Amino acid sequence: MRIGWALAMLLALGACQRHEIGPAPAPPIPAEPWRPAAGLWVQGFTSGPQAGFRTVVCVGGGRGDVFGDERPPVTDGQMVCEAVRRQRTPTGWTADQRCSLRGHVGLYQYIAQVVGADDVAARVAIIDPANNQPLSTPADVRFRRAGVCPAGFAPGEVMQINQPGPDGQWQVIQPGQNGAPPTVRALADLPPEIAALR
């Protein structure tokens, strides 16, 4: 919640009378391993080729990690990915995953920083692990918890909210588990909780 400028000044002056003002405390770093709180999370690209692209994911019951860090290795015949490797940093964490597609190998890197409670900023890049050169333009992504999941949404379900498909329907995707293919259901209208995010 934003505090008005005048009220903020009064609070600062009151603090000066009691204590010497020091640097603002840094947001607490979540315990390892970090898992998002249950609810509806919105992911928005703020830079890079996909700037402006937004998706939402329903998190709950251990499913729907906004970073995908809990997903197992993928071996679906097209994209083959190793398990995600995580490491704490002073302001957040990193998450790396090595994947190959038809013999082309890329290392997906997330460098995440805690902005506040239920608010994480990350830089996402794909690099060539052989020479550490970029394979894509890095992108900045913001993850924020927006509230509870809409009625009828199951944990793990994901949808993009920029625009509906060519048929005018919105697609809600449930990623497959244990090698199963994803399932897709269509919505004629966005739930109010999601429409408000657009």
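This is a predicted model: local features need pLDDT of at least 70, side-chain atom pairs count only at pLDDT 80 or more; totals for chains, interfaces and linings use all residues.
Local features require pLDDT of at least 70, side-chain atom pairs count only at pLDDT 80 or more, and totals for chains, interfaces and linings use all residues. Residues are numbered from 1 along each chain as its sequence is written, and side-chain values use heavy atoms, with hydrogens and water left out.

**View 1. Salt bridge between E82 and R98.** A salt bridge is a side-chain nitrogen of Lys or Arg within 4 Å of a carboxyl oxygen of Asp or Glu; the count by this rule is five. For E82 and R98 the N to O distance is 3.9 Å. E82 lies in the loop between β4 (79-81) and β5 (85-89), and R98 in strand β6 (residues 92-101), 16 residues apart. Strands (E, at least two residues) are DSSP runs, numbered from the N terminus. E82 is partly exposed at 44% relative accessibility, as is R98 at 37%; the classes are buried (under 20% relative accessible area), exposed (over 50%) and partly exposed (in between), with a 1.4 Å probe and protein chains only.

**View 2. Salt bridge between D119 and R142.** The N to O distance is 2.8 Å. Because D119 belongs to strand β8 (residues 119-128) and R142 to strand β10 (residues 139-147), the pair ties together parts 23 residues apart in sequence. D119 is buried, with a relative accessible area of 12%, whereas R142 is partly exposed at 24%.

**View 3. Salt bridge between D140 and R123.** The closest N and O atoms are 2.8 Å apart. D140 in strand β10 and R123 in strand β8 are 17 residues apart. D140 is partly exposed at 23% relative accessibility, and R123 is partly exposed at 38%.

**View 4. Network of D119, R142 and R144.** Salt bridges with shared partners join these three residues into one network.

Definitions and conventions: Helices (H or I, at least four residues) and strands (E, at least two) are DSSP runs, numbered from the N terminus.
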